[in-house]
Amino acid sequence: MTEACADSAEVLILGAGPVGLTLHLALARYGITSRLLERRPLAALQADPRVLALSHGTRELLEQLDSWPAQAATPIETIHISQRGGFGRCLMTAKEQALPALGYVVRYRDLVSALSRHLAPDALYAEAEMLALEEDAQGVGLKLGQNADSVSLHGALIVHADGTPGADPLVSVRDYHQQAVICEVRPAQPHGQRAWERFTPDGPLALLPLGEEFSVVLTLPPAKAKEVMALDDAAFIAALEAQFGRHLGLCQASPRNCFPLALRMRRTLAQGRAVWIGNAAQTLHPVSGQGFNLGLRDAWQLAQTLLTEGCTPSALAHYARLRRCDRQGGALFTDTVVRTFSTDFAPIKWARGLGLYALDLFPPARQFVARRMIWGGRGG
Ligand SMILES: Cc1cc2nc3c(=O)[nH]c(=O)nc-3n(C[C@H](O)[C@H](O)[C@H](O)COP(=O)(O)OP(=O)(O)OC[C@H]3O[C@@H](n4cnc5c(N)ncnc54)[C@H](O)[C@@H]3O)c2cc1C
């Protein structure tokens, strides 16, 4: 390996997923320099199969960064929520919230492309591996390997935006014993910008409007997920309709991908000159599409805190306190939904049916849930 140049910026960001990219752009907007270090090649980022439901609040923040992927976003005008084999259903509408849409559905790759548009060529080290990290009173020094070269980077702070953490004693884990099978399917009739969220004893099932298709997130116990992954397309559609019903006339399934699901919460967000944001700070169940929306608010808040307080360890500690309510609220919300709805226990089934009816009958209750989904902690 050849020893190459040294480079410096105020902030070093590990991970150029959508949260790392958002932070880089938000910092640049405030005149704070940063460098992104990404393990994957850019082509791999643009082949990520995930599809994200983004809230209206997220759209507003991305618009401020001139990174809203308008052409690639499908609006959600209504959300229909129900449970399989039980009574109760609820309909939420954008009109009731006085918004153009309750949310938007975007491919991960289109979001990354929109965020990468404004990247300066020297801002990103892609296909790079962190070889060493040192922290002292002045800042952090990072040695990275890229191809056959090594680069020394220096900054005041390091931000971990490197996605779902592996085993770490500082991260609590609740395994849901569920996996998300994702793909796209075509409905017989136009979807009318309606999203469907259906709770089943196996786990939640979401159909999100995406272009002319639905993006499917089918949550199942691992053994069933394995079976479903092995089915041919016609048998897969039949399995999907067994959970959802046949009224949409679903057909033409795209190739499937599978993600294991757990709640992972980092206990301490800031330590010295290091801070964790996005999935690296909290990885949530995908039910109700909170993960990236929360991670984007992490990036936004961090940029604002560094602007007003400087790139110091005390600013990071303050940032961690500011994020407590939103991240814990997001985790509690998704965790409660998953645990309440993924059971067939009769009294709970009745109670959640009543809950869905109550949500449908009482606009203030619907307003509360909708605002939590649209604005996060600042809207609850
Ligand atoms: C099935 C599924 C459906 C989802 N649906 C939604 C949804 O509808 N709405 C929503 O808001 N969220 C959703 N999410 C969550 C969303 O995908 C994540 O919250 C979001 O991608 C987090 O972004 P991130 O940048 O923090 O992490 P990631 O997107 O995971 O990116 C992390 C980046 O860091 C890089 N990296 C990792 N380690 C290193 C290293 N050591 N050095 C350098 N780089 C490194 C990785 O290569 C990657 O590019 C869903 C998740 C799943 C699994």
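Leu-144 stands opposite Val-151 in strand S12. Strands here are DSSP runs of E of at least two residues, and helices are runs of H or I of at least four, both numbered from the N terminus. Strand S11 is joined to S12 (residues 149–155) by seven bridges, and the two run antiparallel; two strands count as paired if DSSP finds at least two bridges between them. S11 and S12 form a hairpin with two residues between them, and Asn-147 in that turn has a positive phi of about 55°.

The model is predicted: local features need pLDDT of at least 70 and side-chain atom pairs count only at pLDDT 80 or more, while totals for chains, interfaces and linings use all residues. Residues are numbered from 1 along each chain as its sequence is written, and side-chain values use heavy atoms, with hydrogens and water left out.

On its other pairing, S11 (residues 140–146) is joined to S10 (residues 128–135), again antiparallel and again by seven bridges. Ala-132 stands opposite Lys-143 in S11. Four residues lie between S10 and S11 in their hairpin.

An open sheet is formed by eight strands in the order S7-S6-S15-S16-S17-S14-S18-S21, with mixed pairing. Its edge strands, S7 (89–93) and S21 (282–283), each pair on one side only. Within this order, S14 (residues 171–185) and S17 (residues 213–220) run antiparallel and are joined by seven bridges. The bridge partner of Gln-179 is Leu-220 in S17.

The chain is assigned two domains, domain 1 (2–52 + 109–167 + 264–338) and domain 2 (74–100 + 171–261), with bounds from an automatic or database domain assignment. Their C-alpha centres lie 30 Å apart. In contact (heavy atoms within 4.5 Å) are 15 residues of domain 1 and 18 residues of domain 2. The area buried between the domains is about 1,500 Å², and carbon and sulfur atoms give 66% of this; buried area is the accessible area (1.4 Å probe) that two parts lose on being put together, summed over both.

One salt bridge is found across the interface of domain 1 and domain 2, the term meaning a side-chain nitrogen of Lys or Arg within 4 Å of a carboxyl oxygen of Asp or Glu. The side chains of Asp-335 and Arg-174 meet in a salt bridge at 2.5 Å, N to O. Strand S18 (257–266) and helix H8 (313–341) each supply at least two residues of the side of domain 1 that touches domain 2.
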